[in-house]
Each structure stands twice: as structure tokens, then as C-alpha cells.
Amino acid sequence: MTESVADRLETVRVGVAEAAAQAGRDLAGITTVVITKFHPVSLARELHALGVRDFGENRHQDAQAKAAELADLDLTWHFVGQLQSKKARQAAAYAHVIHSLDRDSVVDALASDERTVDAFVQLNLTTDAARGGVPDEELEALVERVVATRGVRLLGVMAVAPLGEEPRAAFARLRAASDRVRAIDPAAEFISAGMSGDYREAILEGATHLRIGSTITGNRPTRG
């Protein structure tokens, strides 16, 4: 039999609880953000009925449309993709949390006296400049810029584990980066890390926000 969304969600909830117990952590301190990329709003409504409140998207146009269509529900929207400076202000209009601050121009575009958006600074855990995230040696400078920017509240750091590296080792490096960030802003204590294939390792290294897609939602619909 094909697993239902409810079955898949429960499997992940059990996995998260087991990893939290292994790490000696309080489950209440871990937020699972369900990534609904390419899926219809009907799936988000189904997940909402199952108790999910945190949803993530990585394309601005799709995220904007879904947030508008689901405005009747009590959802927290997380933008997890690369954000263009020219779209940053628009994204802050619907996204409660932005996980991907990686350069000065995006931070500057989010400045506002009228609203505050929560945000993570994304760290590039590779040496490939083409991948998203700020280089390690530039982390503190970007963090200081975020802290000085009105309308942006720094939550902490985010990263994607590099292909070919053991995930827990990568997340240990992210945890060390989190310590550096907290030296600048003690309130920036959160870590966005862990996806469908490596969320357990992320939890063991202190992840507070997991970004989980297909393990819960099923295969994405094909789309160009």
C-alpha cells in the first residue's frame, strides 16, 4: 500500500523525537518546516489539518501565491531559497522567516521601520562560491550587518550539508559557526539544518529548524 501523507508525517515525527532523545534535547525546541515546493495548496491544507503550522518554499513567486491562497490558515511561512535583492522586500511581506541571507545587498533590501522579519544567515560549507551562502571567512561581517539593520531580527545560522561529506561532520562545523555568531549576538541561538536524508544528524548537532520535503510530502510533481 502507498503511504499516506499522514503516515509519512508520523514517521518523521517519530524520527525527530528519537533523535532528540538520543541528543538529550527537548523536542519542543525543534521546529519541522515542511517544504511544499511544487505541491498544490491542497496538500498544505491537508498537512495543516494534521497539525503542521510551519511551511517552506524556495521560489518567491510560488511562495507569494501560496501564502495569499492560504491566508485563512494560521501558518508560519519560511522562505528557504536563494533570494534576489530586488525580491527581498516582497518576500518579507508574506514570509515570517527567511533562511537564506548570504550577502549585504539582500540584508540592505530588507531594512524597514514598519515591520520585522526573522532571518538566518546562510553559511556556505563548501569552497564552491557558486553554492548559496556566505563564505566562512565573511560570516562575522555579514552577521554584524544583519544585527545593525532595522527590521531584521537575526535568529542564527543556516546551511546545507555538502554532497560527499558525512552530514554530521558538516553540521558540527555549522554548530561551531553558531558559537561564533552568538559571540556577536547572544540571542541568535537557532540553527536551521537538516533535510529529508540527514535531519537526524542535524538534530544531534543542535539543529532547531529542520527543512523537510519529500520524506513528508512525497515525490514532487514534475514541473519545468
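Strand E2 (residues 54–57) is covered on both faces: Asp-54 and Gly-56 on one side, and Phe-55 and Glu-57 on the other, are all buried (under 20% relative accessible area, with exposed over 50% and partly exposed in between; 1.4 Å probe, protein chains only). Strands (E, at least two residues) and helices (H or I, at least four) are DSSP runs numbered from the N terminus. The model is predicted, with local features requiring pLDDT of at least 70 and side-chain atom pairs counted only at pLDDT 80 or more, while totals for chains, interfaces and linings use all residues. Residues are numbered from 1 along each chain as its sequence is written, and side-chain values use heavy atoms, with hydrogens and water left out.

Strand E1 (residues 31–35) pairs with E2 in the parallel sense over 2 bridges, pairing being assigned if DSSP finds at least two bridges between two strands. Ile-35 has Gly-56 of E2 as its bridge partner. Together with helix H2 (residues 41–49), E1 and E2 form a right-handed β-α-β unit; right-handed denotes a clockwise path from the first strand over the helix to the second, with the strands pointing away from the viewer.

E2 also pairs with strand E3 (residues 76–79), in the parallel sense and over 4 bridges. Here Phe-55 lies opposite Trp-77 of E3.

Glu-205 is located in the loop between helix H8 (199–204) and strand E8 (209–212) and is buried, at a relative accessible area of 12%. Its side chain makes a polar contact of 2.7 Å with that of Arg-168 (a pair of N or O atoms within 3.5 Å; within protein, one must be able to donate a hydrogen and the other to accept it, and residues adjacent in sequence count only if both atoms are side-chain atoms).
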